[in-house]
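Hi there,

Here is the structure I promised to pass on to you.

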Amino acid sequence: MDSLDVHVVRQLGAFALDARLTVAAGEVVALVGPNGSGKSTLLQAVVEDNPGVGLVFQDRLLFPHLNAVDNVAFGLRRQGMRAGAARAEARRWLERFGVADYAERTPDALSGGQAQRVALARALAPRPGVLLLDEPFAAVDLHGRAEVRRALRAALAEHAGACVLVTHQPIDVLALAGRVVVLEEGRVVQDGSVEEVRSRPRTPWVAEMAGVNLLEGTAGPDGIDIGPAVVSASSFVRGPAFAVIHPNSVTLSTRPPQSSARNVWTGRVAEIDPEGDRARVRVTGAVDLVAEVTAAAVRDLGLSPGVEVWAAVKATEVEVYPA
Amino acid sequence: MRRLAVGVPAAAAAALVTVPLVGLLARAPWRALPDIVTRPAVLEALWLSLGCSLAALVVCLALGVPLAWVLARSRLPGLAVVRAVVLLPMVLPPVVGGVALLFAFGRGGVVPLPFTLPFTTAGAVTAEAFVALPFLVLAVEAGLRQLDRRYEDAAAALGAGPWARFRHVTLPLLGPSLAAGAAVCWARALGEFGATITFAGSLPGRTRTLPLAVYTTLQTDRDGAIALSLVLLALSVVVMAGLRGRWTR
């Protein structure tokens with residue numbers, strides 16, 4: 001049905017936005033980037049240039065004088081649907097997002113999460129050609145997020161047009177988007193499939209979002225020279241290159257390791273971030289790395305901030321690709 | 001001491017407004033009241049007043065809402081001047097307004113009209129609208145400025161054109177401001193005296209509205225004047241009650 005192809009150039013004081021965004025019909029593109037990278041400005045420009053795009057705002061903006069079902073029916077009525085039919089259709093959309101019980105409530109009587117669901121139903125109900133979702137789960141509590149995500153996923157599967165999703169949550173990207181466009185300082189710095197962007201990040205911010213270690217340097221026959229160290233890797237890439245090391249691939253020990261790993265660096269524990277029965281350990285030294293180890297390992301090794309450690313990574317676990 | 005310095009003038013201010021109104025109630029010929037207010041001349045003035053003031057309100061709504069819209073939304077140069085001029089009747093002595101209207105729309109006036117306006121019922125409506133318009137414009141413009149325009153953007157994104165946005169989003173959200181502005185505007189039109197008598201005269205059944213009738217009656221029939229004043233007072237109280245929560249809290 002509808003695709004989207006916009007090239008937006010804006011100068012706002014010292015901030016310059018110059019980004020092209022193309023989304024094919026039926027495609028869901030996640031627009032990600034640090035705060036202030038220009039995502040909202042880009043969306044705003046898309047709205048201005050494309051009247052009739054379906055839009056879910058960060059702050060929802062449900063019409064305060066209409067109840068939930070009339071909010072959802074609003075777009076349907078504007079398409080010429082009769083009041084009764086529009087309300088019936090609106091109710092079905094509220095049901096899909098699990099808020100049919102609140103159909104008669106006005107927005108001031110809805111919780112943030114409920115209002116967010118109504119806003120999604122309102123944007124999707126008129127089946128817009130282009131759908132823009134700006135942080136659609138921002139107000140939904142953790143408990144309801146999976147459910148709303150599921151409902152949105154099902155609705156997007158039916159959506160024939162283009163969809164742009166702005167989010168901060170990697171899980172939303174994984175669950176909903178096929179492609180990722182990364183915006184930093186007003187420019188598109190990476191554009192590719194979710195898998196590609198995750199495995200081959202091109203900026204430190206993307207790497208952090210993907211949860212991997214990103215090193216940048218010059219690749220030669222011995223590996224990739226990142227300045228303070230040469231990282232051994234099995235790669236035929238030569239010249240300016242990136243290297244990605246998954247935190248799972250980093251082994252930590254408090255004594256020089258006996259392993260066959262080609263890359264061994266010393267450093268100190270800077271920070272420990274427990275996540276369930278695992279923990280992400282940030283090590284600073286010649287090479288700054290995040291290692292993901294079991295909670296048991298943290299205990300057994302006696303890891304705590306300041307402790308000296310050896311980090312070992314096998315050459316085969318280092319993925320190198322041209323910069 | 002300090003308490004006294006504030007309390008005495010405050011009490012005096014309250015008394016300044018209260019005492020005359022209470023006096024009016026105390027002097028009211030309650031027994032004769034039903035007779036007086038049902039006299040043909042009084043009823044005539046009452047209906048004329050209601051008709052003229054409502055017509056003036058309609059004129060003010062039809063012209064004032066678009067004007068408030070322009071003042072609130074447009075970036076045309078010179079709007080500050082327009083606003084100042086439009087709001088001037090709020091502080092202008094009404095009689096001056098009447099004189100100005102006479103020189104604008106009267107015989108040989110600045111604006112040649114194909115019909116006669118001065119000393120007609122339409123003239124009374126014009127005079128009332130002239131004086132009452134700024135009250136409506138002021139309230140509606142403030143309401144428009146407070147309104148979050150992103151609601152209109154949201155409506156546009158849902159496929160609403162300019163008229164649908166105004167009709168289904170702006171207008172309902174503007175409701176309270178519009179109602180308050182209309183109430184004050186109507187009350188002002190209803191009480192209008194100076195501009196009306198100057199521009200439209202005091203012709204019984206045509207331009208002699210209630211305030212004019214009060215003034216005329218006062219010279220011959222004090223009880224009648226008090227009775228008519230009570231009618232106006234009652235209408236004012238109704239308007240004030242309607243604004244409850246907005247102005248009286």
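Predicted model: local features only at pLDDT ≥ 70, side-chain atom pairs only at ≥ 80, totals over all residues.

Chain A has 323 residues, and 41% of them are buried. Its secondary structure comprises 9 helices and 18 strands, and the C-alpha trace spans about 75 × 40 × 35 Å along its principal axes. Of the contacts in chain A between residues at least 6 apart in sequence, 63% link residues at least 24 apart.

Where the two chains meet, 15 residues of chain A are in contact with 12 residues of chain B. On the chain B side, helix H7 (150–157) and helix H8 (162–191) are the elements that supply two or more residues. H7(B) gives the largest share, 5 residues. By class, this side of chain B has 10 nonpolar residues, 1 polar and 1 charged.

H8(B) also packs within its own chain. How do H6(B) and H8(B) cross? The axes of helix H6 (residues 121–146) of chain B and H8(B) come within 8 Å, at a crossing angle of roughly 165 degrees. Angles over 145 degrees count as roughly antiparallel, so that is how H6(B) runs relative to H8(B). The crossing is right-handed. Among the residues making the contact are Phe135(B), Leu136(B) and Val140(B) of H6(B), and Leu178(B), Val184(B) and Cys185(B) of H8(B). In total, the contact of H6(B) with H8(B) has 16 nonpolar, 3 polar and 2 charged residues.

How values were computed
Residues numbered from 1 in each chain as written. Chains lettered and ligands numbered in written order. Helix = DSSP H or I, 4+ residues; strand = E, 2+ residues; numbered from the N terminus. Buried ≥ 20, exposed ≤ 12 C-beta atoms within 10 Å, placed from the backbone. Contact = placed C-beta atoms within 7 Å. Nonpolar A, V, L, I, M, F, W, Y, C, P; charged D, E, K, R; others polar. Axes fitted to C-alpha atoms, helices over the stretch in contact; angles between N-to-C directions. Parallel < 35°, antiparallel > 145°, perpendicular 65-115°, else oblique. Left-handed = near helix turned anticlockwise from the far one by under 90°.
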